[in-house]
Structure formats: C-alpha cells, structure tokens
Amino acid sequence: MGVNQPLESEFLLASADHRLVDEVLAVAAAVAVEPVVVSDASQAATRWSAAGTVLVGEDLAADVTALSLPAGPTVHLVGSDPARLSAWSMPLRASVIELPAGAAWLTGILAGGEGAGLCPVVSVVGASGGVGASTLAAGLAYRATRSGTSTVLVDADPLGGGIDLLLGAERVGGWRWDRFARAEGQMGDLRPVLPSVDGLSLLSMGRRSSAQLAREPVSAVIGSLRRTYDLVVIDPGRSQLPGSLECGRLATASVLVVACSVRAVAAAQQALGGWAGVPPHVVARRRRGTGVGPGDLADRLRTPVAGVLPEDPDLVAAAERGDPPGRSLRRRRGWGRACAELLGVLV
Ligand SMILES: Nc1ncnc2c1ncn2[C@@H]1O[C@H](COP(=O)(O)OP(=O)(O)O)[C@@H](O)[C@H]1O
Ligand SMILES: [Mg+2]
C-alpha cells in the first residue's frame, strides 16, 4: 500500500517493520493521507528531497543516519522503543513520535503541518530545583527566535519569580498570566498584547504571590499560541498544580534537566518513574566536584542523554543583568552550542 505513489507525495515513511508500517498507515488513513512507503535506507535516499515530511522507523534509524542525507524535509522518528527513539533522535535531527502514545500528534502532522496548523510545544523541566531548567527554556526560545522561528516563551511556574526577570523584561509593558485568568475556549492572536525581547514573545507569571494557574486558561492560551507562533517553549516549574500539569500534557516534546550528582539522579529516577506521556529527552547538567558524569547518569537512569549542559558562570552574571541566556554567549561553544544542538533535536 502506498509504495507506488508518485514521487511528489509529501510524506515518506521509511521502515521495514510491518507492524510499525501498519500502525502509521492506519493513522494516515484516518486523515485520508497515503504516505510513500520504502523499506530500506537507499530507497529513502532516492525519494528524500521530494518529500516534505519523512517518518523514519526506528528500525532504519541507523541506516538512514549513516547516509547523512541533506537537510530539507522535516524528519520524525517513529517507533515504540523509548530508549532507541531517544538514542537516534539527535543523530537524525528528528523529533520523536512514540507510538501508540504519540498517535494524536502523528495524526496532526499527517493532517497538514504540526498538529493541523498547531506548532510544537517544548516543555523544559528540572528533575531537581536550581539545575537551570528556566535558563535552558529561555535559551532555547531565544535561540529559536534568533534563527528566524517565531517563538513564545511561556512561564507557568508560580514559584519561579517570573521569567521576564531572567530576560530583563520585567518592565516591558504587556500582559502577564493574571490577565488571562478567565480565558477559555478559542482565543485570537495574542502576539500584540504580549511583551517581547529581541523578537521573542513572553508570557510570564509576574510576581503576584497569589497567582495560580488553572487548567482551562492554560489550555485556551496555549491553544491560541500554537495557532499563531511556530514554536511554544514552556517552563512549567516543578509544582504539581493543575496549570503546570496541563502544560506537561500539552507538550509535544519535553526535556528533563538532570544535574550530574547522586541526589539529582535519584530525583530523576522518581520523575521518570511517574512520567505521564511520551518520555522526555534527558539532558545532563554538569556539576563541578561531584564525580558523576553524563555517562554515569545515562547508565543509572538507563536512558540515553540527549545533551550535556556545561557549567557556565557567565550565565549567572547574565541572569543578574537581565541579559537573555545566549545573547552574549559564543554560539559555537559551550552552553550556547549545547542549547543549539538540543533545539535541533527538539524541533
Ligand atoms: N549551565 C549553567 N551553569 C551555571 N549556572 C547556571 C547554569 N544554568 C543556570 N544557571 C544558574 O543557576 C541558577 C538557577 O537557574 P534556573 O534556570 O532558575 O534553574 P531552575 O529553573 O532549574 O530552578 C541561576 O542563578 C542560573 O543563572
Ligand atoms: Mg525554574
């Protein structure tokens, strides 16, 4: 089925795993799409540049990676083995669709664009406090904006002090979450009312201690942002409050930042144990003087590490100045580079 489709078909599925092919084709059939199916990497190569979107089955991830095919199509890695999916996501520069959990997202992609006109939502969570999750969320969002992706950074951490502060935007006029407390249903374009820094839009908690997010406004606001931006990056914080949990549910990809220390690994084990939905990409945050490295972390968590964030004192100084993370760092080195590479994996 689908093998004899014309070359111009927008979707290419590369897999020799019949079960996986059937699973993807069933989702595709529901939205009346027929991907071209190829069963080895060399056939994928011949049809690669004609495809708008390529779904690479986890069984062919290594073979397709080995061919170093040119950038162009949007690549998603599909399969059901979380460890294998995260291991090949970075080399293939592909986002991961784990089936069956990710079937809804796959439906959206096949129905036309990311989630039928809805952009991806990346959520960044720290396995323990103070590991740099908010800094990374801001860095990813800032970096994406710099490379031309229309991005909004959403702070949903009621105890984080307001992410606008981290970006030096606490005095920039515009709406914070308190203005959306009663939001529901379908909303219009929020871009004109949100504060922005160097083109990056911000939806911040602000500093009212009573502020709490309910599920309904979070879902209405993020739904609207997904229709108007190309990328939504969320910093949900570590609370189990309804609004923060809703952010986790809406994420199409998540990052779990784990510090390289014994206690942080224990906390990450707990976080991964209770994780709902598609498993996160684990990112290791180096810590001086702990003797735990990213390799140990991967071993102990039995999951690949999707990126390593070095310790960078300049980030602390930049945050104190309200200089967005990544604005004054060298892009090709250290934390800035790790951030850029991670962005390539996530979107
Ligand atoms: N890679 C890093 N190296 C050194 N300091 C960092 C790094 N990332 C974040 N920080 C600093 O650590 C502190 C906590 O960062 P933050 O992003 O608020 O963590 P979290 O959101 O996980 O609680 C801040 O002072 C921040 O500037
Ligand atoms: Mg934080």
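This is a predicted model: local features need pLDDT of at least 70, side-chain atom pairs count only at pLDDT 80 or more; totals for chains, interfaces and linings use all residues.
**Entry 1: α1 and α5**

I looked up helix α1, residues 18–30, against helix α5, residues 103–110. Their axes come within 9 Å and cross at roughly 55°. I noted the crossing of α1 and α5 as right-handed.

I then listed the residues in contact. From α1 they are Val24, Val27 and Ala28, and from α5 they are Ala103, Leu106, Thr107 and Leu110. Sorted by class, this contact has 6 nonpolar residues, 1 polar and no charged.

**Entry 2: α10 and α11**

Next I took helix α10, residues 262–273, and helix α11, residues 294–301. They pack at an angle of about 35°, and their axes are 10 Å apart. The crossing of α10 and α11 is right-handed.

On the α10 side I found Val262, Val265, Ala268, Gln269 and Leu272. On the α11 side I found Leu297, Arg300 and Leu301. I counted the classes for α10 with α11 as 6 nonpolar, 1 polar and 1 charged.

**Entry 3: ligand 1**

Which residues are closest to ligand 1? I found 14 residues surrounding ligand 1, the closest being Gly130, Ala133, Ser134, Thr135 and Asp312.

I checked polar atoms next. A polar backbone atom of Gly130 is 2.9 Å from an oxygen atom of ligand 1. For Ser134, a polar side-chain atom lies 2.8 Å from an oxygen atom of the ligand. For Thr135, I noted 2.5 Å between a side-chain N or O atom and an oxygen atom of ligand 1.

Terms used
Residues are numbered from 1 along each chain as its sequence is written. Chains are lettered from A and ligands numbered from 1 in the order in which they are written. Side-chain values use heavy atoms; hydrogens and water are left out. Axes are lines fitted to C-alpha atoms, for helices over the stretch in contact, and angles run from 0 to 180 degrees between N-to-C directions. Helices (H or I, at least four residues) and strands (E, at least two) are DSSP runs, numbered from the N terminus. A crossing is left-handed if the near helix is turned anticlockwise from the far one by less than a right angle, and right-handed if clockwise. Contact means heavy atoms within 4.5 Å. Ala, Val, Leu, Ile, Met, Phe, Trp, Tyr, Cys and Pro count as nonpolar, Asp, Glu, Lys and Arg as charged, and the others, Gly among them, as polar. A residue is near a molecule or strand if one of its heavy atoms lies within 4 Å of it. A polar contact is a pair of N or O atoms within 3.5 Å; within protein, one must be able to donate a hydrogen and the other to accept it, and residues adjacent in sequence count only if both atoms are side-chain atoms.
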